[in-house]
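Hi,

Here is the structure I promised to pass on.

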Amino acid sequence: MSSTPIADHALLSDCHSAALVTTDGSIDWLCFPRFDSPSVFGRVLDTAAGHGSIAALDEIERERRYLDGTMVLETTMRTATGVARLTDAMALGAEQDGHDLGLGAPGMVLRDIEVVEG
């Protein structure tokens, strides 16, 4: 079982599946195409069950937040030599709203890393 407390995870969702992302940018849980599907990454339950990680080698400080009014997670990593911003989200299908939300979800995690400084 992972030693990362559950409080150090953020939730990404497309209303049909979910991912848990740690404060250090690792996806420790991901199930597709539905919540009750087998996990793709399962490190939250077993350290040998896989994860997807993007992290700085010499990280000094990190901040994270959800962008206002969204489930888009932004993690900023600062090192002695620069700053990088990791943005994570799960894709929704086109024209989804109300009770249809998630129905056409493509089952995709979107990750973008931007070097802000350095």
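Is G82 buried or exposed? G82 is buried, since its relative accessible area is 13%; buried means under 20% relative accessible area, exposed over 50% and partly exposed in between, with a 1.4 Å probe and protein chains only.

Before the rest, some housekeeping. This is a predicted model, so local features need pLDDT of at least 70 and side-chain atom pairs count only at pLDDT 80 or more, while totals for chains, interfaces and linings use all residues. Residues are numbered from 1 along each chain as its sequence is written, and side-chain values use heavy atoms, with hydrogens and water left out.

Back to G82: you'll find it in the loop between β7 (73-79) and β8 (83-90). Strands here are DSSP runs (E, at least two residues), as helices are (H or I, at least four), numbered from the N terminus. Leaving aside residues up to four places away in sequence, G82 touches M77, E117 and G118, where contact means heavy atoms within 4.5 Å. V115 is 33 residues from G82 along the chain, and their C-alpha atoms are separated by 7.7 Å.

Next, T22, which sits in strand β2 (residues 18-22). T22 counts as buried because its relative accessibility is 2%. Not counting residues up to four places away in sequence, T22 touches T4, D8, H9, D28 and R64. The side chains of T22 and D24 are joined by a polar contact of 2.2 Å (a pair of N or O atoms within 3.5 Å; within protein, one must be able to donate a hydrogen and the other to accept it, and residues adjacent in sequence count only if both atoms are side-chain atoms).

Last one: F32 and P33 are joined by a cis peptide bond, with omega about -5°. P33 lies in the loop between β3 (26-31) and β4 (39-41).

Cheers
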